[in-house]
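Here's a quick tour of a few local features worth a look. Have the structure open and follow along.

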Amino acid sequence: MTHDFPDSEGYVVGGERRRPNDDLSVTDPATGEQLSTVPEAGEAGVDEALASSVAVAQEWAASDTVERGRLLTGLAEAIRDHADSLAATETRDVGRPLTESHANVEGAAATFEYFAGLTDKVQGRQIPLPGADDYVDYTVREPYGVTAHVVPWNAPLALAARGFAPALAAGNTVVAKAPEKAPLSLLALSDLVHEVGFPPGVVNTVTGSGPATGAPLVGDERVDAIEFTGSTGTGKAVMRSAAEHVRDVHLELGGNGANIVFADADLDAALDSVVATFGNAGQICFAPTRVFVQSDIYEAFLDRAVERVGAMAVGPGIEDPDVGPLVTADARDTVAGFVDDARERGARVLTGGEVPREPGNFYAPTLVDGVADDAPLVREEVFGPVLTCHEFETAAEAVERANDTRYGLSNLVWTTDLSTAHAVAASLESGTVQVNDYPILSPAAVSGGYGESGIGRAKGQQAIESFTQTKNVAIKLEDVV
């Protein structure tokens, strides 16, 4: 399957493409070939996008909620109608296998569909005031206004939908910065937004780098709330910028999750989760990259895992292999550096640990054991196709070691014992705990981080709360009866 890209892709403001320059090259991670170029929007482009968004913010906030739902439903349908093109675009842009891109396209559609059903259900509460029977007190939830969304490169469609859908459903306008490394699928989505009838300016998308375009966006006083998904370091910078104007901020940042496999687990399903962790070449923030296996089954589990992982096919995402390339050569070299450091510390590379093919930013799916819990490969978010394997004796030990990280995004548990499942889930310090299945990606399932994995919550009805602010209204009543 092939997909042609124009030589230059403009960003989207007011429903129209803008091409003031063509500064940034967009390349295929599997081949290094240039797919297109996009403009560096910079301060001027950000100003244009924000002005467009501000101009329609009040009108969109006051729009009929049922009609908002119809527009979101229409967008979900349009995404499905263009699924093949969107999936091919994201695969060539990001590098992930085509099957994974199709799943992300469907996930984006399902997210818009889910929040379409919530547009007319944004509700407040009536509050009885103790000792004040002559008052009616109630709350209403109101949109912030203009929301800024910094979309990551590893899953642009799915993660854009995760932020756009609740923001729009709640009555906010959206100004998004497309990921510098992979902007093309988000630009295609932005075109569909306007094709299905959203008013011009309700969704604007700018392209460019973090310093030149992202920083002016999140630092602008016209932005009322910020959603950022990306690295912990950059998230901290966004939070400092938001503090300048006292803006609400939702951050989903790095992860370093644990996959805990108890001796009584369904081992075939647990092994499937190990293989699934190599999705998008391991470039997934919630991936459980530290595999803890109970000692009774450790060696047998490891043997089977090595066999499964060693058989995974590596190649260009458009050929739909098991594992595609990393997003850049620098990313590949960083992953290789983590593994080389672990080798020098005495770890065993059980499979992988090499660049399997060239050209392209490929790194073989890798399993490593014998790594100390304080080694960089274990402590840091590697963001590549590498899992570390660890043996444990008791549930208490597994929980203690799983929690020994500055991150707290997601953990995974395999056991057939209901008491173990509940006890371990309660003790793990992360925003999500998945038990006996991976991944669980429903738009209804709330997600978010503990610790340095972020603040705020995405998905589910709680996402509507993240994109609204609460107003309390207290009315004193006259005694007329």
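## The negative patch

In this predicted model, helix α10 (residues 298-310) supplies the largest share of a negative surface patch, three residues. The patch as a whole is made up of Asp296, Glu299, Asp303, Glu307, Glu391 and Glu393.

Glu299 sits in helix α10. With a relative accessible area of 47%, Glu299 is partly exposed, because that class falls between the 20% and 50% cut-offs.

## Cis prolines

The peptide bond from Glu358 to Pro359 is cis, with omega near -5 degrees; Pro359 belongs to the loop between β14 (348-351) and β15 (366-369).

Tyr438 and Pro439 are also joined by a cis peptide bond, this one with omega at about -10 degrees. You'll find Pro439 in the loop between β19 (432-435) and β20 (450-451).

Asp320 isn't a glycine, yet its phi is positive, near 55 degrees. Asp320 lies in the loop between α10 and α11 (329-344), and at 34% relative accessibility it counts as partly exposed.

Lys459 is another non-glycine with positive phi, about 65 degrees. Its spot is the loop between β21 (454-455) and α15 (460-466). Is Lys459 buried or exposed? Lys459 counts as buried, at 12% relative accessibility.

Note on methods. Residues are numbered from 1 along each chain as its sequence is written. This is a predicted model: local features need pLDDT of at least 70, side-chain atom pairs count only at pLDDT 80 or more; totals for chains, interfaces and linings use all residues. Side-chain values use heavy atoms; hydrogens and water are left out. Patches are made of residues with over 30% relative accessible area and no salt bridge: like charges are joined within 9 Å, nonpolar side chains (Val, Leu, Ile, Met, Phe, Trp, Tyr) within 5 Å. Accessible areas come from the Shrake-Rupley method with a 1.4 Å probe; for residues, only the protein chains shown count as cover. A salt bridge is a side-chain nitrogen of Lys or Arg within 4 Å of a carboxyl oxygen of Asp or Glu. Lys and Arg count as positive and Asp and Glu as negative; His and the chain ends are not counted. The place of a charge is taken as NZ of Lys, CZ of Arg, CG of Asp or CD of Glu. Helices (H or I, at least four residues) and strands (E, at least two) are DSSP runs, numbered from the N terminus. Buried means under 20% relative accessible area, exposed over 50%, partly exposed in between (1.4 Å probe, protein chains only).
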